[in-house]
Amino acid sequence: MKHQIIVHADVPNLNTPALTAHIKRCIRGALEAEDIQVPCEISVLLTNNAGIREINRDYRNVDRETDVLSFPMFELAPGDFPEDVTDYLDPGSDLFPLGDMAISMEKVAAQAEELGHSKERELGYLTVHSVLHLLGYDHMDEGPMKRHMREREEAVMEALSLPRDL
């Protein structure tokens, strides 16, 4: 599937070809695991704690840093991607504009150290987590929605060969 994944950074030297390739691989893996059969467009911003705090404040009225933010273009239901996407496609590209995500690379490093795994694993997890949000998954409750999202995250991470102990 030919997805358009745009990765950019708002801080110099934050993005590298290896990071971009890793993020794209994780996004494609999550979309494949969710059986998305239409080419999608996703934009990824790599930022620092100050940058993500500003985005969080401006768009969610939450004045604190976080690890990842997801901005879905449409309200989708988990596991229920629309069969007919004709009305959703961008007329200029014929792609399904899934949404945007922002990732704090400072949080990636701190959380990887705190959790005792690699930055590659943490960045992959946050990327997969965000894609699932773009597809309608949520974890705001402590019940079945959160459990289902966590199960999907772990399944995708295993398929990407990024288990917890990496």
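Trainee: Is Cys 26 buried or exposed?

Mentor: This is a predicted model: local features need pLDDT of at least 70, side-chain atom pairs count only at pLDDT 80 or more, and totals for chains, interfaces and linings use all residues. Residues are numbered from 1 along each chain as its sequence is written, and side-chain values use heavy atoms, with hydrogens and water left out. Buried means under 20% relative accessible area, exposed over 50%, and partly exposed in between (1.4 Å probe, protein chains only). The relative accessibility of Cys 26 is 0%, so Cys 26 counts as buried.

Trainee: How many disulfides does the rule count?

Mentor: Cys 40 is buried too, at a relative accessible area of 1%. Its sulfur is 16 Å from the closest cysteine sulfur, in Cys 26, which is too far for a bond. The count of disulfides by this rule is 0.

Trainee: How far apart are the end C-alpha atoms of H1?

Mentor: Helices (H or I, at least four residues) and strands (E, at least two) are DSSP runs, numbered from the N terminus. The expected span of a helix is 1.5 Å times one less than its number of residues. For the 17 residues of H1 that gives 24 Å, and the distance between its end C-alpha atoms agrees, at 24 Å.

Trainee: Which strands do the buried residues of H1 pack against?

Mentor: The buried residues of H1 include His 22, Cys 26 and Leu 31. They pack against the helices H4 and H5, and against the strands S1 (4-9), S2 (40-47) and S4 (96-104).

Trainee: Which helices are included in what covers the buried residues of H5?

Mentor: In H5, the buried residues are Met 149, Glu 153, Val 156 and Met 157. They lie on the same side of H5, because their arc around the axis, taken from the directions to the C-beta atoms, is only 100 degrees. The face turned away carries the exposed Pro 144, Glu 151 and Ala 159. The cover of the buried side includes H1 (17-33) and H4 (119-134).

Trainee: What pattern does the chain follow along the sequence?

Mentor: The chain has 5 helices and 4 strands. Read along the sequence, their pattern is β-α-β-α-β-β-α-α-α.

Technical notes:
Contact means heavy atoms within 4.5 Å. A disulfide is a pair of cysteine sulfur atoms within 2.5 Å.
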